[in-house]
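Keep the view open beside the text and follow the points in order.

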Amino acid sequence: MSEKKYQASAAAPIMLIDAAFAKNNETAVYWLTASGIFVNSHGTTIMMDPIISYASYDPLMSETMDDDGIDFFPQLAPVPIEAKDVKKLDAVLITHTDFDHLGFKTVVDLLPSGAIYYATQYTADELLRLRIPPQRIKVIKAHDRFTLGEVEIEVTPADHPWQDNAPNLDYTFKPEDCCGFKLYCQEGIIWNTGDTMLLPEHMQHTDADLVFMDFSDDPPSCHFGVENAIMLANHMAKADIVIYHWGTHDAADIGWCNCDPEEIRPQINNPGRFKVLTPGEKYLLYKK
């Protein structure tokens, strides 16, 4: 039997309780595992790409499917809150339809929270197939701006044609199918780039104070790739960088599930701004 390949894993979660969703006088940010993000800005509560429901409890299985679209990944790190336990949420922002960003159980389990779902047309069509009520879906596109309570949101472009590397598939993501989100809060700007190759426009977002960035070792034809992610992180010299898209799924041989933060940290200029959050750990945005 071959030895199991090493895989960096996120720490055990800090569980989120009701107080994390209450009205506050701050902007608090949390990593939810995988590509999931939760923001509470002065009582406006937003999740981006949450995957916080399980396919099974024995063993603990993510609802994220593997590349063949048949089996589910075991969890390396449990989630800090399950979707069924989220009592109130203003919005769910979804970057694209891949299994590790659009949780088919999560979006349904979050319906009782009252959240409105913001997505591109392609993703909105998938939400409708999942029986999300159409009145709960808002279709957005790159460069749109809208306001949610205390937060202004800009939709940033993305291009993620990973299907080009899997020619047996009958559809390839177009640029308009995917996006990122930039949140303008009282204390600063949060940018979630989404899954994307590096675009020239990405180099213009140097005003962001906190950036969620994917350093996974995947082809730069559909993700940043390690080299480009490090270049962008160093270009955004004043921003704190939170590594996500890692340490969640037990899949050591799959590039997009993997990255070792301690291999990335030494390559970041001023490495103190490189943040490795525990799932559910509170990060406070502050004016710089």
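1. Let's start with Ala208. In this predicted model, Ala208 counts as buried because its relative accessibility is 4%, and the cut-off for buried is under 20%. You will find Ala208 in the loop that links strand E13 (188-192) and strand E14 (210-214).

2. What is Ala208 in contact with, once its neighbours within four places in sequence are left aside? The partners are Ile189, Trp191, Met236 and Ala239.

3. Leu183 brings us to the largest nonpolar core, which has 51 residues. Leu93, Leu183 and Phe215 are the members that touch the most others. Strand E12 (residues 179-185) gives this core its largest share, five residues. A second, separate core holds 28 residues, including Ile94, Val107, Leu111 and Ala115. As general background, nonpolar side chains tend to be buried together in soluble globular proteins.

4. Do take a moment with Leu93. Apart from neighbours within four places in sequence, Leu93 is in contact with Ile46, Met47, Met48, Asp49, Tyr118, Phe146, Leu148, Ile153, Phe181 and Leu183. Two of those names, Phe146 and Ile153, return in the next points.

5. Now for the sheet. In which order do the seven strands of the open sheet run? The order is E10-E11-E12-E13-E14-E15-E16, with mixed pairing. E10 and strand E16 (274-275) are the edge strands, each pairing on one side only.

6. Strand E11 (residues 151-157) is mostly covered, with six of its seven residues buried. Strand E10 (residues 145-148) runs antiparallel to E11 and is joined to it by four bridges, with Phe146 standing opposite Ile153. Two residues lie between the strands of this hairpin, and Gly149 has a positive phi near 55° there.

7. With E12, E11 again pairs in the antiparallel sense, this time over six bridges. Ile153 has Leu183 as its bridge partner in E12, while Glu154 is partnered by Lys182. In general, side chains of a regular strand alternate between the two faces of the sheet.

8. Next, the open spaces. The largest pocket has a volume of about 800 Å³. Its lining is made up of 35 residues, and those nearest the centre are Asp98, Phe99, Trp162, Gln163 and Leu169. Strand E5 (60-65) and helix H2 (121-129) each supply at least two lining residues, and H2 gives the largest share, three residues. By class, the lining has 15 nonpolar, ten polar and ten charged residues.

9. How much space lies in the second largest pocket? About 290 Å³. This second largest pocket is lined by 18 residues, and Asp217, Asn258, Cys259, Asp260 and Glu263 lie nearest its centre. Its lining has eight nonpolar, five polar and five charged residues.

10. Leu183 is in contact with Leu93, is the bridge partner of Ile153, and is among the residues that touch the most other members of the largest nonpolar core.

Definitions and conventions. Residues numbered from 1 in each chain as written. Predicted model: local features only at pLDDT ≥ 70, side-chain atom pairs only at ≥ 80, totals over all residues. Heavy atoms only, no water. 1 Å grid on protein atoms, 1.4 Å probe; cavity = no way out; pocket = protein on both sides within 12 Å on 5 of 7 lines; lining within 4 Å. Points joined across faces, edges and corners; volume = space filled by probe spheres on them. Nonpolar A, V, L, I, M, F, W, Y, C, P; charged D, E, K, R; others polar. Buried < 20%, exposed > 50% of the residue type's maximum accessible area, 1.4 Å probe, protein only. Pairing = 2+ DSSP bridges. Core = buried A, V, L, I, M, F, W, Y, C linked by side-chain atoms within 4.5 Å. Contact = heavy atoms within 4.5 Å.
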